[in-house]
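Me: Hi! Could you walk me through this model? I'd like to go topic by topic.

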Amino acid sequence: MDLLLTDAQTAWRERCRAFADEVMRPASAGLDAARGYPSDVIGEARRRGLYDLETILRAAADPDGLMLPLYAEELYRGCPGIAAAMGASTGAAMLIAAEGTPEQALRWGPACFGIGAFALTEPGAGSDVRALATTARRDGEGWVLDGTKTMIGNGGIADVTVVVATVDPALGSAGQARFLVEAGAAGVNASEPHETMGLRAAHLATLTFEGCRLDADRLLGGQERLVQRLDRARRGEPRRGSGPSATSPERSRPLFAAGAVGIARAALEWTLERLAGSGRLREGWVEQALGEVATEIDCARLLAWRAAWMLSNGHAPDGGEANMAKLKAADVAARTTARLLEVAGPSAAGGSCDLQRWFRDAKAFQLFEGTAQVERMNVARRVVGTATGAEERRPEPALLAGAEA
Ligand SMILES: Cc1cc2nc3c(=O)[nH]c(=O)nc-3n(C[C@H](O)[C@H](O)[C@H](O)COP(=O)(O)OP(=O)(O)OC[C@H]3O[C@@H](n4cnc5c(N)ncnc54)[C@H](O)[C@@H]3O)c2cc1C
């Protein structure tokens, strides 16, 4: 076992960190205040080779599984809002690359680096995606989408949005499929961006689909694969293959965990710099806070790296390792930013101060991609399952699992 980074991983981390320091951080406060979209920053990421399909797929192929967690930690340390906007595109692209037909991967994967989005959540279906009400019905060779998606990162401004919809309600989440919706498609309306507490550069919006007609080639993965999958589900057969699929939420949890670690680290570095030379760093209660925060950050990072390593090395995180990583890191980010606000004092809560912004950004990690409560429940069920035997293991809720191949 070796926890030291390779030369290639170290160099990659330095590249990401330089971009975060030189480009993301200076833009961060302004974008948060104006709720602006970070087009210029993302353009610079593209110029620096940090925002394109090939780079992301190469990072995802790291045998240790650490390149993407390193990317997420550095970018979220730079600016969580911008990183979330980039992450919404990257997530959509990885889905398309993993699940799409070769033609779809070639056309729509790169289109996400424009802007991409993934639309799952609905007003009545968040943690439990079995409750999705958006439907896709056949119309000749094509499909028609109807329904409402809410809190969609890059919503309404994406060049391509991957939309999850139910094609066979009798099958629950196994009866869902994913569709590619291009910018400007008829029958799609987008709200103004939501007034969010944090991650304001990520442009969350509600999308409404009313009779949105899609050609047959907009079904992600194609018709033949959908028919096979639905048939298997009707026969009650399990998904093919062992371990989490390429698009399972298990795979994104370590990345969100790493992002949360990045926010906590930004807050710690900021506090150390702010208090340097003031004598306060030697005060007993401040030492207690800093010692705890630094330990928690390393704990969270190690959990994220373990889960990422497992997923890249053929070890399914059946003990809840991916859930633990996301849960711990989200809690650490939220608690660290709150604790360090107390350490730094009331001036750090001022409107233009980075720390208060990270405090608002950090909270989101307990609310999305497996809320803190849902992740605790997922870990508990794995633990109970391990203790009582596999037959008593209850499946985790279908969180983000809709239409898994
Ligand atoms: C910043 C941000 C960005 C987002 N981006 C996207 C995006 O790009 N695409 C997208 O599709 N969605 C996105 N979302 C939506 C997000 O994934 C959902 O908000 C999340 O899944 C929770 O769903 P919900 O809001 O419906 O809450 P609910 O699922 O209704 O949960 C409400 C509360 O009940 C708790 N709860 C729910 N079920 C249980 C249970 N079984 N046991 C115990 N407690 C439970 C939850 O923890 C939560 O506290 C984003 C959200 C945020 C905040």
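Reply: Happy to. One term to begin with: a nonpolar core is a set of buried Ala, Val, Leu, Ile, Met, Phe, Trp, Tyr and Cys residues joined through C-beta atoms within 7 Å. A residue counts as buried if 20 or more other C-beta atoms lie within 10 Å of its own, as exposed if 12 or fewer do, and as partly exposed in between, with C-beta atoms placed from the backbone. This is a predicted model, so local features need pLDDT of at least 70 and side-chain atom pairs count only at pLDDT 80 or more, while totals for chains, interfaces and linings use all residues. Residues are numbered from 1 along each chain as its sequence is written.

Me: Good. Which residues touch the most other members in the largest nonpolar core?
Reply: That core has 117 residues, and Ala92, Phe179, Ala257, Ala260, Ala304, Ala329 and Ala333 touch the most other members.

Me: What is alanine 257 in contact with, leaving aside its neighbours within four places in sequence?
Reply: Its partners are Ala300, Leu303, Ala304, Ala325, Lys326 and Ala329. Contact here means C-beta atoms, placed from the backbone, within 7 Å.

Me: New topic: how is the protein chain divided?
Reply: There is domain 1 (7-111), domain 2 (116-234) and domain 3 (249-392). The bounds come from an automatic or database domain assignment.

Me: How far apart are the C-alpha centres of domain 1 and domain 2?
Reply: They lie 23 Å apart. In the contact, domain 1 takes part with 24 residues and domain 2 with 20 residues.

Me: And which elements give two or more residues to the domain 1 side?
Reply: Helix H1 (7-34), helix H5 (80-99) and helix H6 (102-111) do. H5 gives the most, with 13 residues. Helices (H or I, at least four residues) and strands (E, at least two) are DSSP runs, numbered from the N terminus. By class, that side of domain 1 has 14 nonpolar, seven polar and three charged residues. Ala, Val, Leu, Ile, Met, Phe, Trp, Tyr, Cys and Pro count as nonpolar, Asp, Glu, Lys and Arg as charged, and the others, Gly among them, as polar.

Me: Switching to H3: which of its residues are buried?
Reply: In helix H3 (residues 53-60), Leu53, Ile56 and Ala59 are buried. They sit on the same side of H3 because they cover an arc of only 135° around the axis, taken from the directions from the helix axis to the C-beta atoms. On the other side, Glu54 and Arg58 are exposed. The buried residues pack against helix H4 (67-78), H5 and H6.

Me: Last one: what about the phi of arginine 35?
Reply: Phi of arginine 35 is near 50°, a positive value in a residue other than glycine. Arginine 35 is in the loop between H1 and helix H2 (39-47). Methionine 151 also has a positive phi, about 60°, and is found in strand E3.

Notes: Two residues are in contact if their C-beta atoms, placed from the backbone, lie within 7 Å.
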